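Welcome! Here is a short tour of a protein model for someone meeting it for the first time. Take a look at the sequence and the structure before reading on.

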Amino acid sequence: MATESHVSAETQIQHAPGVDESLKPKSKEGRTVGPLDYMFMWIGDGVNLGNMTLGASLVVAGIATLNLFQTFAAAVIAIGIISTVFALNDRLGYRTGIPYVVQLRMSFGVKGSVISSLLRGIPAIVWYGFQSWIGGTALNEIAKVLTGGSFDSVVICFVVLQFVQIALSLYGFHAIKWVESLTSIVIMLALVYVFTILLKDHSAVIVEKWVQAKGSWGLPFFAFIMMFMGNYAAIFLSAADYSRELKAGISDAKRGFLYFLPILIAYGFVLAIGAMLASATGISNPVKAFAIVVNNPYITVFVSAFIVMGAIAVNMVANIIPPTYVITLLTKLKYKVAVTITGLLALGSFPWVLVQDSSAKGLGMFILIYSAFLGPIVSILLIEYYIIRKQKVNIADLYDENGPFAGYNPAAVLAMLIGAGAAFMKVELAWVIGVVVAGIAYILLMKYAFKDSKFKKGTIFE
């Protein structure tokens, strides 16, 4: 078993100047999330309108690019890869309790981690805004029903919902645990009801447009796998932010299962409903499609309420904590100030541009573009930890801004840019191209370039 020399350095880290309490290693006693809560957390993250919109994006101008079997074959392949990468990349955070922004210093250096952490933080803020916009749209549907149509402002609902989430996020991971456990169960029940209505009233058009569609086993099939993985690329990149909250004593294989099963359940169900809604209505915005399919004002209020809860749930897990840690690290601000700034930045993310009524392709393109950078980063982190450092890292050094990880590692920055550049050559396959190219480039650069680099210390290339 690998070891990290973090226990003896605990006092040194606790007294590190300018490091907020939220960024210091989580002790075993401070971890409050059990396996069941962890699974509910990922179900709550998966059952959301962003992922439903991803399913809806399969139907373009009334024609499905993948049929039912191809959709789920791509989903299972992607989820298997996602779970494996999750379990590999969460190990350092799980064993030592450090967050992702500190883990980055291992490869990129203290200054170099600024660039790579922003590449995780900025997409999360955009997703935060997008999920809130979807939730705001649903909240507006509720307001229209309750006021008899006299109130109709998605913008106001968007802003109100955003401030509610800022207030919830001030309580940190403790709020996430109970919000996820409640919403994941209730939302699944609500979606079972919607699924039943779709099968009962719209099965013929769904079978014609999606189930029996010719689809493709070519580039669209692999592009969907990449889009699916790109959708999770930001989350499993910062896997340490979640695993550091999980109770100790859980094996690597079991943690992989704690990712695979809930993601499969949640994603499989939500993708299917998204594709079914788009097939039945021709509309890619699930909230507006819901209002057409469920033509009953009281049921619309019921379903819309759970859409709002779903938006909050996914933001609490995936889109609030990572950018907050980035802001805390870069500005030295306290957690509560940083989490408030994150929420305010999400207000200005223009999420309505990503998904129009006719097509959700803007969302898919956004995912593919930013995952071109995130694939290379996760590749560099895994190679660094497992191959170059053989799972041996002095955690205290990561917190020392003037220590061996000071400055930036040119090999990591260059490998990331090479991987991203290669990924943009075929954006539909961006994630896998970026992972492979950046990984190879990083090993070669660490071995043959920058002969006097201090980042070779403690590695197989020393």
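Is Arg105 buried or exposed? With a relative accessibility of 4%, Arg105 counts as buried; buried means under 20% relative accessible area, exposed over 50%, and partly exposed in between (1.4 Å probe, protein chains only).

A word on the ground rules: this is a predicted model, where local features need pLDDT of at least 70, side-chain atom pairs count only at pLDDT 80 or more, and totals for chains, interfaces and linings use all residues. Residues are numbered from 1 along each chain as its sequence is written, and side-chain values use heavy atoms, leaving out hydrogens and water.

Now for the overall picture. The protein chain holds 20 helices and two strands, taken as DSSP runs numbered from the N terminus (helices H or I, at least four residues; strands E, at least two). Of its 462 residues, 60% are buried. The pLDDT, which is the predictor's confidence in each residue from 0 to 100, averages 83 over the chain, and 89% of the residues score at least 70. Confidence is lowest in helix H1 (residues 10-14), with a mean of 57, and highest in helix H19 (residues 410-423), at 95.

Side chains of opposite charge can pair when their charged atoms come close. A salt bridge here is a side-chain nitrogen of Lys or Arg within 4 Å of a carboxyl oxygen of Asp or Glu, and the count comes to eight.

Glu401 is partly exposed, at 34% relative accessible area. Glu141 and Lys144 are about one helical turn apart because three residues separate their positions in helix H7. Glu141 is buried at 12%, whereas Lys144 is partly exposed at 27%. In the remaining pair of the table, Glu384 is buried at 1% and Arg389 is buried at 5%.

Another buried residue is Thr96, at 2% relative accessible area, in helix H5 (residues 91-96). A polar atom of the Thr96 side chain lies 2.7 Å from the backbone oxygen of Leu92.

Note on methods. A polar contact is a pair of N or O atoms within 3.5 Å; within protein, one must be able to donate a hydrogen and the other to accept it, and residues adjacent in sequence count only if both atoms are side-chain atoms.
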